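Here is a short report on strands, helix packing and local backbone features. Keep the structure open while reading.

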Amino acid sequence: MNLRRGFPLVWQQYAALLKKNLLLSWRNKTGTFMQLFSSFFFIFLIFAIQKAIEARFSTSTAYKSVTDPTPLLLPPIPPCEDKFYTKLPCYDFLWSGNASPAARRIVTNIMANNPGRPIPDSKVGGSACLLRKGKGNGSEVQSFGTPTEVDAWLLSNPMRCPGALHFVERNATVISYGIQTNSTPVSVRGNYEDPTFKFQIPLQIAAEREIARYLIGDPSFSWNVGFKEFAHPAVQTFSAVAAVGPPFFLAAVMFSFVIQISSLITERELKLRQAMNMMGLYDSAYWLSWLTWEGFLMLLSSLFLVLFGMMFQFDFFLNNSFAVVYLVFFLFQLNMIGFGFMLSSFISKSSSSTTVGFSIFIVGFMTQLVTIFGFPYGHSFSSNIRAIWSLFPPNLLAQALTLLADATSTHQDVGVSWSRRAKCAPNDTECVITIDDIYKWLVATFFLWFILAIYFDNIIPNASGVRKSVFYFLNPWYWMGKGGSKVKGSVPQQQHITPDDGDVLEEENIVKHQTQEGVVDPNVAVQIRGLAKTYPGNRQCGCCKCKKTPPYHALRGLWVNFAKDQLFCLLGPNGAGKTTAINCLTGITPVTGGDAIIYGNSIRSAVGMSNIRRIIGVCPQFDILWDALSGQEHLHLFASIKGLPPASIKLVAQNSLAEVRLTEAAKMRAGSYSGGMKRRLSVAIALIGDPKLVILDEPTTGMDPITRRHVWDIINDAKKGRAIVLTTHSMEEADILSDRIGIMAKGRLRCIGTSIRLKSRFGTGFIANVSFLGSNNGQTPQTRSPPDRAAVSTVHHEAVKQFFKDRLDVVPKEENKAFFTFVIPHDREALLTKFFGELQDREKEFGISDIQLGLTTLEEVFLNIARQAELESAAAEGRLATLNLTSGATVSIPLGARFVGIPGTESEEHPRGIMVEVYWEQDDFGALCISSHSNEIPIPPNVQPMPSIVTSQRNLFGRSELVHGVVFDPNQINVTENR
């Protein structure tokens, strides 16, 4: 199949990823809705704040343009209840000078002639103006003699009277007066109270009017006094957009910011991007697809934000040019996209994205407050400080909003037009930065963040430790895509470990010879040359000291060829190095030493690995799928990344789904698939695009037996024209599918060959199953056998065991009433023909119904190899295990020791002491652990202890913490007699 290359492939991948982003956003409707419409909520809050401030200043004309003020004629003395925060009962005014008849007359006329409302006697305080309970209507008016008495009353009765008049009769033609009011302005619910105009001037007009009438003697004398506010323009109004807009708009953008970096980190954390990279994804297509999609969302989000602002009738949005305002918000959000891309390279967990977003908002909120107060966009600050300050996107937003808000601070201001964007904004007295300068800063810093994002993404090690050189962009191959893929002829230098197995050694010598001689075998698809991977140790510090863990050798020099048209099965216990080897071959994990050549391309070369990824298909150990995408959409995506012609993608996807029996679930989301269905989809993805090398890491995990057999057929058919590397924990699967098998343990290849050869070389021998008559083929009989029949069966069993013991020296490995299982060593193979011939002749004598003979299973080979590797590792590291005896004693013994003497048990009866036989088993990870031990038996006189490699461990007091057992060679001990 011809796959696309170059720019057409990049464009195809870009389109497929863009469609993937669209589908994920569409199916995450809540997140997408918040990205687009969260600005409405914050605009509404700004609108509420604006209206609250306007309501508070609604009675003031300071924020209005007054050209022809309305005159205020004959303002009356208001009732005391109109005074804000007054206490009841209250008095409209107080007066002093009651010794003068003229003053009493004038006060009486003031009360009677108050415009629109005569003042009752009970509302005027005179004398002591004392409130006497229980008399009349609850009040009595008495006059004050002097202003001092008025002051005393006001002090003892606060907030009960807004003002006072003090009269002094100088002579018959001269009467003077004084006015005393509380001049403190107060407000209630946005209404301001001006004591001068509300109380002082009405008292003044009333006093002068009645004094003039009294002196003239004409009670109807006209005294009309009017007042006008001085004409003035509106002062700068309060703008909620300028005051609280920057943090509110930043908060609206943070929704998109958090969702964006969370999506990026999730794809990396779940290894989705790694899966796409293994299929040949270009980084340029990946980043451009995300930039395009997020940019499109920001286009819509910015548009909605401006439209919402116009809908709420903000002067900021109505008076400034639509293009100017829209571009400010769009470029700011675009800048935050690049900023988020860069930050995502430093974050490893998607759960941390919310914390990072909140931290960015808090820092941005603080710096925006500083920016609103003028720092550093003033002439008193250097341009270097402004440049550094402008690198943080929220600061530029705050300054842009301040300029645009000041340009519409009064109703006369026309705002900033598109043609004036490069000029100083109206009312900008500093004029050190214009709106056009802010545009340039936002665009320049966006490109800075975007370039840094790509750079950090390449040089910061991922979860597998893969990274490029700090100066990778200076290498010509990075830009031209050439070089670095040549096959090197030298053998990598590393510490050599001679294999114990002859087949492994032969395989290693073949690979080394081909490497040294430069021989290219056309039948070899993959050649692994001394592949090694070591993870460095970590330093762990406690309260008192630091301890450094030793390095872990995951691979210790792997030399092997994988042939074309064959399936190579890699077996081994957990931690053997299988997945590490696969990760090295696919470029997920960087190698420490050695190399591997895949169809002529080196995995140590970036360009070589790029070429390798175009010709391989990988089914990883764990399913790497998007829960929100269907199986069909997964195949379309990976087929596009692989470079299949667009016209064939739909048909190839349908055929792949049919092969793995997922046609009916093609349009179901992968998140609803069962474990087996996900594995089948992963297998289909690995085989798409007709790869030359297919790597299947435990592909049938979680499948039912019927589906597993079907997938085996698919894998068998897939061997034609390609090489397949399979890892599995199913020995049956390895036995059926593999052409060659390699078993790894502790990072090394322990054996290699066909299934039959491994069984014959590493198995315990032959397995003989002997079934007896009357056993219902091993099933429990429906009726109980008579006692005489049971006795006969027991005689037959003993006779068969003795027959095997006498002729082959073996005992049953497993026995019950229905059958016996014997393990016959290979060294007795020459005796088998005669032995089974005689056994078959005596079938009736022994009551035998069936005899089966076969090789040991692959599982036994696997367990033996793993056990031997564990023993070697334990011996090399000097690891110990604790043996708890039935007597209560505790003995420390080397791992894998079989016969162990107990020190300190010497006696007259047992002069050499006693010993036990230790039985070992392997746990789920292949590690040896003690299962049980035999009864204590005397140590035979003819055995000698093996050399000990263990030294006693002593505690702080110099005493040995554990008693160390004495190990004996099993070959010196007659096992049967000991039992």
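Two strands pair if DSSP finds at least two bridges between them. That criterion applies to strand 26 (residues 890-894) and strand 31, which two bridges join. The two strands run parallel. Within this pairing, serine 892 has histidine 964 of strand 31 as its bridge partner. The model is a predicted one.

Another open sheet has six strands, in the order 16-17-18-13-19-20. Its pairing is mixed as well. From one strand to the next, the twist averages 15°.

How is strand 16 joined to strand 17? Four bridges link strand 16 to strand 17 (residues 693-697), and the two run parallel. Isoleucine 616 has leucine 693 in strand 17 as its bridge partner. Helix 24 (residues 755-762) packs on this sheet. Helix 24 touches strand 19 (740-745) and strand 20. The direction of helix 24 makes about 110° with that of strand 20.

An unreviewed UniProt entry places the feature "transmembrane region" at residues 32-49, 238-265, 285-312, 324-344, 356-377 and 438-456. Two of these spans are described here. Residues 285-312 are 96% helix and 0% strand, and the end C-alpha atoms lie 41 Å apart. Residues 438-456 are 100% helix and 0% strand, with end C-alpha atoms 26 Å apart.

**Helix packing**

Two packed helices are described by the angle between their axes and the distance between the axes.

| Helix pair | Angle | Axis distance |
|---|---|---|
| Helix 6 (residues 240-269) and helix 8 (residues 283-311) | about 160° | 12 Å |
| Helix 13 (residues 393-406) and helix 14 (residues 435-459) | roughly 165° | within 10 Å |
| Helix 8 and helix 14 | about 140° | 12 Å |

Take helix 6 and helix 8 to begin with. Their axes make an angle of about 160°. That makes the two helices, helix 6 and helix 8, roughly antiparallel. Their crossing is right-handed. Helix 6 contributes Phe249, Ser256, Gln260, Ser263, Leu264 and Glu267 to the contact. Helix 8 contributes Tyr286, Trp287, Trp290, Glu294, Met298 and Leu305. By class, the contact of helix 6 with helix 8 holds seven nonpolar, three polar and two charged residues.

Next come helix 13 and helix 14. Helix 13 and helix 14 are roughly antiparallel to each other. The crossing of helix 13 and helix 14 is left-handed. On the helix 13 side are Pro393, Leu396, Gln399, Ala400, Leu403 and Leu404. They meet Ile435, Ile438, Trp441, Leu442 and Trp449 in helix 14. The contact of helix 13 with helix 14 has ten nonpolar residues, one polar and no charged.

Are helix 8 and helix 14 parallel, antiparallel or oblique to each other? Angles over 145 degrees count as roughly antiparallel. Helix 8 and helix 14 pack at about 140°, and they are therefore oblique to each other. Their crossing is right-handed. The contact uses Asp283, Trp287 and Leu291 of helix 8. From helix 14 come Phe446, Phe450, Ala453, Ile454, Asp457 and Asn458. The contact of helix 8 with helix 14 has six nonpolar, one polar and two charged residues. Trp287 of helix 8 is listed in the contact with helix 6 and in the contact with helix 14.

**Backbone features in loops**

Which residues does a cis peptide bond join at proline 89? The bond joins leucine 88 and proline 89, with omega about -5°. Proline 89 sits in the loop between strand 1 (72-73) and strand 2 (93-96). The peptide bond from phenylalanine 375 to proline 376 is also cis, with omega near -5°. Proline 376 lies in the loop between helix 11 (353-372) and helix 12 (383-389).

Tyrosine 599 is not a glycine, yet has a positive phi of about 50°. Tyrosine 599 is in the loop between strand 14 (593-598) and strand 15 (601-602).

Technical notes: Residues numbered from 1 in each chain as written. Predicted model: local features only at pLDDT ≥ 70, side-chain atom pairs only at ≥ 80, totals over all residues. Heavy atoms only, no water. Axes fitted to C-alpha atoms, helices over the stretch in contact; angles between N-to-C directions. Contact = heavy atoms within 4.5 Å. UniProt positions renumbered as here; feature names shortened; annotations may be inferred. Parallel < 35°, antiparallel > 145°, perpendicular 65-115°, else oblique. Left-handed = near helix turned anticlockwise from the far one by under 90°. Nonpolar A, V, L, I, M, F, W, Y, C, P; charged D, E, K, R; others polar.
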